[in-house]
Amino acid sequence: MNKYSRERFDVLVVGGGPAGVAAAVCAAENGAHVGIVDENPNLGGQIWRAGLPGGDHSAGASNWYARVRAARVSVLCGKRVFHQPDAGILLAEGADDVCELSYRSLVLATGARERFLPFPGWTVPNVMGAGGLQAMVKSGLPIQGKRVVVAGTGPLLLAVAAYLQEHGAEVPIICEQAPWTKLARFGIAMVRYPGKITQGLKLRRNISGIRLVMNSWVIAAHGEQVLLSVTISHAGTLEQIKCDYLACGFHLVPNTELPALLGCRIRCGYVQVDDFQQTSVKGTFCAGEPTGIGGVELSLLEGQIAGLAASGQDSGARAIFGEREKFRRFARTLDDTFCLRSELRSLASPETLICRCEDVPYSRLQEHTSWRAAKLHTRCGMGPCQGRICGPATQFLFKWNPDSVRPPVFPARVENLAVSPVDEPPIPAATGGLQ
Ligand SMILES: Cc1cc2nc3c(=O)[nH]c(=O)nc-3n(C[C@H](O)[C@H](O)[C@H](O)COP(=O)(O)OP(=O)(O)OC[C@H]3O[C@@H](n4cnc5c(N)ncnc54)[C@H](O)[C@@H]3O)c2cc1C
């Protein structure tokens, strides 16, 4: 039987990336009793992964970690929130325990994940997500001397290529599907963000020896037991490149499953929030990538606003609105620059698996007209990842929209699903800062 524990907070934050950390710090510094829960073993989210901040963000990250400690935020790492059994209560599962977390106000800062698009050979071992491979190298995967093709779309590709090269990998090429014209417009728009220009120039220097091609994408990965090579398309010509790894991701998709489960309104794929980052559910705020993919600066700003508003400091929150708007414009520019070209819809062959958890090939999905019908008839999206990979892919390939999210939002142990909250007087409803 798992250990069962209960914690009560004024403000509970789900997600320990930059947005969640900023929200927790701002709420706690205003006197609220704050808990922050994350499934990873350490705070930091994707960019400050493993609590070992690197690169440009080191100083910023260390400063935030010091504030987490000073403000006495309760840190609950290694626990994944999977269910809301009752209003104001969430359940989180750890390796051998389950936690009942009660709150007056909630901040959802669940981040984003990479988008993957299926192509022949994408299930061959050593074909990985770009950010996924970077995370594995950060966790100790040896990459010295390995040949890695980096492909897909979005600024993450450049960051990953620079990181892998710095750690001894040979990166022969970065294939970016966006055209030069869009990239040029993106460059011009960066004039508004001097910090981004500095970051971009540094990145460009770090990848200066790598061939960077636009209008280019992977057509197929070859190999059986392990990856041997990939074929890329570049301006209409095909080229086969030998490699040990393919690091491939098509920008990011927001993690909106938990917000959706809690009843938060989702619009155009993102969680809808008001000026104070409050969702359509009173007392529930959302910050960072689930409201828009805009990078670490936007996540930090939204997190601060959410934390201040959740602890009743509206005027402090209001003071940051202008800066947030600037980075929201950056998020819109990112969306426009790295939107997917239609040619990518025809990468999969009839045999290509789209749902790799349930082995559902493209040809079987073509028989259906909606995500729901495909799920019912093929089990697409019903495996361990619960549609987190094939859902965004089918949204792009077939323009299907996922329907309702059901608990648990992540696979959980059966005994934990049976847990029901112990009867106790509910915590009074949130006050202040919640319109
Ligand atoms: C794979 C990947 C790699 C990236 N690498 C870089 C990089 O190298 N450089 C860069 O500039 N940007 C990178 N980014 C982008 C970066 O994540 C954003 O710019 C920004 O930092 C996001 O901050 P956030 O707090 O909104 O989300 P995140 O940093 O993603 O944090 C969200 C956190 O919520 C947690 N979480 C989600 N759901 C639950 C749940 N149900 N229960 C418990 N915990 C939960 C996650 O474990 C995660 O720690 C990467 C993104 C991804 C997806």
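**Close-up views of the predicted model**

**View A. Exposed residues of helix α5: W180, T181 and I188.** Exposed means over 50% relative accessible area, buried under 20%, and partly exposed in between, with a 1.4 Å probe and protein chains only. The structure is a predicted model, in which local features need pLDDT of at least 70 and side-chain atom pairs count only at pLDDT 80 or more, while totals for chains, interfaces and linings use all residues. Residues are numbered from 1 along each chain as its sequence is written, and side-chain values use heavy atoms, with hydrogens and water left out. Helices (H or I, at least four residues) and strands (E, at least two) are DSSP runs, numbered from the N terminus.

Helix α5 covers residues 180-189, and its buried residues are K182, L183 and F186. These lie on the same side of α5, because they cover an arc of only 100° around the axis, the arc being that of the directions from the helix axis to the C-beta atoms. An α-helix has 3.6 residues a turn, so residues three or four places apart point the same way. The buried residues of α5 pack against β10 (173-176) and α10 (321-337). Contact means heavy atoms within 4.5 Å.

**View B. Helix α3 (residues 130-138) packed with helix α4 (residues 156-166).** The two axes come within 9 Å and cross at roughly 30°. α3 is therefore roughly parallel to α4, a term for angles under 35 degrees; over 145 counts as roughly antiparallel, 65 to 115 as roughly perpendicular and the rest as oblique. Axes are lines fitted to C-alpha atoms, for helices over the stretch in contact, and angles run from 0 to 180 degrees between N-to-C directions. The crossing of α3 with α4 is left-handed, that is, the near helix is turned anticlockwise from the far one by less than a right angle; clockwise would be right-handed. On α3 the contact residues are A130, G131, L133, Q134, V137 and K138, and on α4 they are L156, L157, A159, V160, Y163 and L164. By class, this contact has nine nonpolar, two polar and one charged residues. Ala, Val, Leu, Ile, Met, Phe, Trp, Tyr, Cys and Pro count as nonpolar, Asp, Glu, Lys and Arg as charged, and the others, Gly among them, as polar.

View C. L156 has 31% relative accessibility and counts as partly exposed. Not counting residues up to four places away in sequence, L156 touches E114, G131, Q134 and L252.

**View D. Helix α1 (residues 18-29) against helix α8 (residues 295-310).** The axes are 7 Å apart and the angle is about 30°, so α1 and α8 are roughly parallel to each other. Their crossing is right-handed. α1 contributes P18, A19, A22, A23, C26 and A27, and α8 contributes V296, S299, L300, G303, Q304, G307 and L308. The contact has nine nonpolar, four polar and no charged residues.

**View E. Helix α8 against α10.** These helices pack at about 140°, with their axes 9 Å apart, in a left-handed crossing. The contact joins E297, L298, L301, E302 and I305 of α8 to F321, E323, R324, F327, R328 and A331 of α10. Its residues divide into six nonpolar, no polar and five charged.
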